[in-house]
Amino acid sequence: SHTLIGSILGVGLANALITDVPLAEGINWQKAIDIGLSLIFSPLAGFMVAALVLLGLKWWRPLSKMHKTPETRRELDEKKHPPFWNRLVLVLSAMAVSFVHGSNDGQKGIGLIMLVLIGIVPAKFVLDLNSTTYQIERTRDAALHLSQFYQRHTDTLGDMLALGKSNGSEMPQFYRCDPKQTEPTINALLRDLRGVPSYNDLDADERVQVRRYLLCLDDTAKKVGKLSDLPAREKADLEKLRKDLTATTEYAPFWVIIAVALALGIGTMVGWKRVVLTV
């Protein structure tokens, strides 16, 4: 996990340097800090819970054979293996850790590979080139409905999104993801996707630009969804629009999924003994 997280941060920083994006914007630093804190406090929390469980069992069953070490059990009871319940709990806990940890690492692994692929060959991977015409139209419709959603809440979002103050679909020369550029971003996206049956019909620069528009609109919608002034039902609708908006950007080729699954599976087979001995 630590290696994957560090790799993802490294890719983000490298991409920011390559594209002349400020380092403060190249990575979601708040999320990175949250993850760093979780890596620090999670082991401490696990240590405390395990210590409390051990002390509780010592108090509840002080003479139980579960407390004997393998060496003591071999010397006193002449038995080679730990008690059945100890082994059962070990197997079940190892299965749970493997499943949860593997799923987590699988997601990070797929994300890391996609970041690398997008950085190396963006024309092939910034958008899902296998998207159907219906999926592209659904993405375009989501942008249109998003615009209508913002217009319905002009009183709440007018200042945040600078609604009604933009100059149509004209974009600044150096585009940056800014909530106040929401209207021109939506207009530019609708224009670029108008009549497009397949992403293969777009050239490399247009694909990169479409992805940038989609991710920026999604980021702004995420911020809007956190506002306390919006009703819960409206927030739920906004979440649905976000899913439709990013349906063709949040994907992974099947071969990437298989490669990550094989890597994790082989790594688990090699390292299982160390995990069991540690536990």
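A: Side chains of opposite charge can pair when their charged atoms come close. The rule used here for a salt bridge is a side-chain nitrogen of Lys or Arg within 4 Å of a carboxyl oxygen of Asp or Glu. Arginine 242 forms such a bridge with glutamate 239, with the closest N and O atoms 3.2 Å apart. This is a predicted model, in which local features need pLDDT of at least 70 and side-chain atom pairs count only at pLDDT 80 or more, while totals for chains, interfaces and linings use all residues. Residues are numbered from 1 along each chain as its sequence is written, and side-chain values use heavy atoms, with hydrogens and water left out.

Q: Where do arginine 242 and glutamate 239 lie?

A: Helices are DSSP runs (H or I, at least four residues), numbered from the N terminus. Both residues are in helix α11, three residues apart, about one turn of the helix.

Q: Which residues make up the network that salt bridges with shared partners form here?

A: Asp218, Glu239 and Arg242 are joined into one network. Arginine 242 also meets aspartate 218 in a salt bridge, at 2.7 Å from N to O. Arginine 242 lies in helix α11 (residues 232-245) and aspartate 218 in helix α10 (residues 204-225), so this pair ties together parts 24 residues apart in sequence.

Q: Is arginine 242 buried or exposed?

A: Buried means under 20% relative accessible area, exposed over 50%, and partly exposed in between (1.4 Å probe, protein chains only). Arginine 242 is buried at 16%, and aspartate 218 is buried at 10%. Glutamate 239, at 36%, is partly exposed.

Q: How many salt bridges are there by this rule?

A: The count comes to seven. One of them joins aspartate 192 and arginine 191, at 3.4 Å from N to O. Aspartate 192 is partly exposed at 22% relative accessibility, as is arginine 191 at 37%.

Q: How many aromatic pairs are there?

A: Rings of Phe, Tyr and Trp (its six-membered ring) pair if their centres lie within 6.5 Å; planes under 30 degrees apart count as stacked, over 60 as edge-to-face and the rest as tilted. The count is two pairs. Phenylalanine 84 and tryptophan 85 have ring centres 5.3 Å apart and planes at 70°, so they are edge-to-face. The rings of phenylalanine 149 and tyrosine 150 have centres 6.0 Å apart and planes at 70°, so this pair is edge-to-face. Tryptophan 85 is exposed at 61%; phenylalanine 149 is buried at 1%, and tyrosine 150 is buried at 1%.

Q: Which residues make the nonpolar surface patch?

A: Nonpolar patches take Val, Leu, Ile, Met, Phe, Trp and Tyr with over 30% relative accessible area and no salt bridge, joined when their side chains are within 5 Å. Accessible areas come from the Shrake-Rupley method with a 1.4 Å probe. The patch, of about 670 Å², is made by Phe254, Ile258, Leu262, Ile266, Met269 and Val270. Isoleucine 258 lies in helix α12 (residues 254-278) and is partly exposed at 37% relative accessibility.

Q: How is the chain divided into domains?

A: Domain bounds come from an automatic or database domain assignment. It gives domain 1 (1-64), domain 2 (69-125 + 256-278) and domain 3 (133-252). The C-alpha centres of domain 1 and domain 3 lie 32 Å apart.

Terms used. Patch = residues over 30% accessible without salt bridge, like charges linked within 9 Å, V, L, I, M, F, W, Y side chains within 5 Å. Helix = DSSP H or I, 4+ residues; strand = E, 2+ residues; numbered from the N terminus.
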